[in-house]
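Subject: Structure handover, with notes on the sheet

Dear colleague,

Please find below the structure I promised to pass on, and do read the notes that come after it with the model open beside you.

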Amino acid sequence: MPNTPEIPDPAQPAFILVRPQMGENIGAAARAMLNFSLRKMRLVEPRDGWPNPKAVAMASGAAGQVLDFAGVYDSVADAVADCDYVFATTARGRELPKPIYTPEAAMDEARKRIVAGQKVGVLFGPERTGLENDDILRANAIITVPVNPEFFSLNLAQAVLLSAYEYSRHTLDSVPIDPGLAGHDPASAVEVEKLGDHFEQRLEEAGFFHPPAKAPMMKRNLRNMWTRFAMTRSEVQTLHGALRQILRPRD
């Protein structure tokens, strides 16, 4: 059992820091977790003891709540005892017959298992050496980050951040791309088509489509441009107004 009470949140994976060496890295990991709304941290044999004032200082304010409820365990076996499925983050381990996941695939699997009512743990190794084989043996699967093979070392907080981000992508309400049209009605296809008609009419009057043999291609390019812009209704209206104003007789 942990030496401190943990946040009772079955809807999150437990991020388990195994034999972390520096308080600053524990604090940075806490910040990375809270950035993505994760709070369930477990510590196994922290080298400098616990609590650690350097960890608190690095956690910087709100992320201190992750440390306040971090469970402290005497062994990896104790830390994963209540877990139904455990991932081990490591650049090694291919000699062990275990499934190997990218962080994205692993956290998608974690989410599915948690939704099904299982408890999931993720092991992160010490800063200098990473997880030992005896630690990895406690896991059901391995997470390996596809990084530069000539420089594959990630620090503890980076590894935690990657996993936390990938888990949040499957749980937080966010979209991959925001077109930046919040609060603005997009122009309908008909409105865009009418704008194209208006431009073609004015350009015809100005003698733009010359020579005649190239006119179809020029008009097609213009039509493609309008649809590619993903304009709002107000932008279409503004362009209609600009065309009318340009051609208005001057006194």
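Predicted model: local features only at pLDDT ≥ 70, side-chain atom pairs only at ≥ 80, totals over all residues.

Residues are numbered from 1 along each chain as its sequence is written, and side-chain values use heavy atoms, with hydrogens and water left out.

An open sheet of 7 strands, with parallel pairing, has the order β3-β2-β1-β6-β4-β7-β5 (strands are DSSP runs of E, at least two residues, and helices runs of H or I, at least four, numbered from the N terminus; two strands pair if DSSP finds at least two bridges between them). The edge strands, β3 (71-73) and β5 (100-101), each pair on one side only.

Strand β6 (residues 120-124) has 5 of its 5 residues buried (under 20% relative accessible area, with a 1.4 Å probe and protein chains only), with V120, V122 and F124 on one side and G121 and L123 on the other. Strand β1 (residues 14-18) runs parallel to β6 and is joined to it by 4 bridges, with I16 opposite L123; β4 (residues 85-89) likewise pairs with β6 in the parallel sense over 4 bridges, and there Y85 stands opposite V120.

As for the helices, α7 (residues 156-169) lies across β1, β4 and β6, at about 165° to β1 (contact means heavy atoms within 4.5 Å; axes are lines fitted to C-alpha atoms, for helices over the stretch in contact, and angles run from 0 to 180 degrees between N-to-C directions).

With best wishes

Technical notes
Buried < 20%, exposed > 50% of the residue type's maximum accessible area, 1.4 Å probe, protein only.
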